Amino acid sequence: MLPIARKNKIKEMILEKKSVTVSELTSIFQVTEETIRRDLKQLEDEGFLNRTYGGAYISEGVQNDVDVTIREFVHVEGKRKIASKCLSYIKNGDSIFLDASTTSLVIASMLKELKITVVTNSIKVVSTLMDNPNIRLVIIGGTLAHSSLSNLGRNAEYNMKYYFFDTAFISCRSISMQHGITDSNEQQAGIRKLAAEHANNVFLVADYTKFDKTSFASICGFDLIDTVVIDEKLNDDWHTFLQDHNVSLIECE
């Protein structure tokens, strides 16, 4: 296949899937990883996609459900700042919910000494915490979604109804003044909504790229959110909006 034809095919794939990995592209096109990385670099230079460790992704589209193996390497420093700040709001004896976001995964990696109960539907969070003797780990069952490595669906939502939390840490795909908190995956949105409804304190953890956008499925309005934690400073309009909706704001500058 000619390079231009291969790049056009990569464009078609990423428009459909929103993310691709180098390994899957090398398998499909039977070329070296170096060749695929060169293709992705050229497509990034054209402004078509964003490269990250092991693959590439695009941010556009209301149903943009980027694979978790790609998301882990996007805005890494911002997620660390957010997770570090969230840690100060968790104390021994708490019961917390961590969703299937990569920010929750970073929070999980920082739970070293705390003796708490963690409820999660994320397989990656489970893998991170399963050997920690201080953590009482409760796993939400359901149907495994491979793109997020999380348990979703009717059984997962049924399980969620039996648990309540001191604090829930949830993320999203997009945040809008007009449409509230939204997600690209409606099943993920359902789990996050239940977590927010069942928590005494709800922290929305989100990097700056998610604001002023709308995705496919509604999670909830700002009435269910107690605190927004973001890695950068928001503009004055957002400060006023969140204050008017009685939502605390933590900016991890």
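Colleague: Which residue is the bridge partner of R51 in β3?

Modeller: Strands (E, at least two residues) and helices (H or I, at least four residues) are DSSP runs, numbered from the N terminus, and two strands pair if DSSP finds at least two bridges between them. In this predicted model, where local features need pLDDT of at least 70 and side-chain atom pairs count only at pLDDT 80 or more, while totals for chains, interfaces and linings use all residues, the partner of R51 is A56 in β3. Residues are numbered from 1 along each chain as its sequence is written, and side-chain values use heavy atoms, with hydrogens and water left out. β2 and β3 (residues 55-57) run antiparallel and are joined by three bridges.

Colleague: What is the order of the strands in the open sheet?

Modeller: The three strands follow the order β1-β3-β2, with antiparallel pairing. β1 (19-21) and β2 (50-52) are at the edges with a single partner strand each, so one side of each has no neighbour in the sheet.

Colleague: At what angle do α1 and α2 pack?

Modeller: Two packed helices are described by the angle between their axes and the distance between the axes. Axes are lines fitted to C-alpha atoms, for helices over the stretch in contact, and angles run from 0 to 180 degrees between N-to-C directions. Here α1 and helix α2 (residues 22-29) pack at about 130°, with axes 12 Å apart.

Colleague: Which residues of α1 and α2 meet?

Modeller: With contact meaning heavy atoms within 4.5 Å, R6, K9, I10, M13 and K17 in α1 meet E24, L25, I28 and F29 in α2.
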